[in-house]
Amino acid sequence: MKNMPNISAAEWEVMKICWLKSAPCTANEIVKALEQSTDWKPNTIKTLIGRLVKKGALGFQEEGRVYIYTPLVTEEECVQAESKSFLARVFGGALKPMLVTFLQEEKLSQDDIEELKQLLEERKK
């Protein structure tokens with residue numbers, strides 16, 4: 001896996017918009033989408049976009065006076081990196097204690113339990 005940028009919670013919101021669009025988007029499109037779901041000002045959103053460009057999570061192309069942004073990392077790559085980071089930080093990298101904690105604390109439907117059983121069976125093979 002390539003070296004993944006460390007993305008803050010606010011930057012995740014920007015990335016989610018870019019991933020959701022699944023096509024390059026302008027700063028104005030990102031601002032418009034986030035203004036509907038947050039109380040952030042346009043300058044705040046543009047600052048977050050700039051940080052993501054510096055971190056290598058977003059690339060850009062200048063077309064006249066408009067910047068077009070494209071994710072340079074996939075959502076799956078970021079989720080995987082964040083999961084590994086969380087596991088290392090909170091559980092010392094040990095998967096079993098994390099699973100036990102979640103299973104004891106969270107309510108699972110019968111469908112969830114069956115899906116987990118199936119996943120574990122597939123891992124045995």
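## Charge, fold and one buried threonine

The 18 positive and 19 negative charges of the chain have mean positions 5 Å apart. Lys and Arg are counted as positive and Asp and Glu as negative, while His and the chain ends are not counted; each charge is placed at NZ of Lys, CZ of Arg, CG of Asp or CD of Glu. This is a predicted model, in which local features need pLDDT of at least 70 and side-chain atom pairs count only at pLDDT 80 or more, while totals for chains, interfaces and linings use all residues. Residues are numbered from 1 along each chain as its sequence is written, and side-chain values use heavy atoms, with hydrogens and water left out.

**Elements and dimensions**
- The chain holds six helices and three strands, in the order α-β-α-α-β-β-α-α-α from the N terminus; these are DSSP runs (helices H or I, at least four residues; strands E, at least two).
- The C-alpha trace spans about 55 × 30 × 25 Å along its principal axes.

**Surface and contacts**
- Of the 125 residues in the chain, 24% are buried (under 20% relative accessible area, 1.4 Å probe, protein chains only).
- Among contacts (heavy atoms within 4.5 Å) between residues at least 6 apart in sequence, 51% join residues at least 24 apart.

**T26**
- T26 belongs to strand β1, residues 25-26.
- T26 counts as buried because its relative accessibility is 17%.
- Neighbours within four places in sequence aside, T26 is in contact with V66, Y67, I68 and Y69.

Terms used
Buried < 20%, exposed > 50% of the residue type's maximum accessible area, 1.4 Å probe, protein only.
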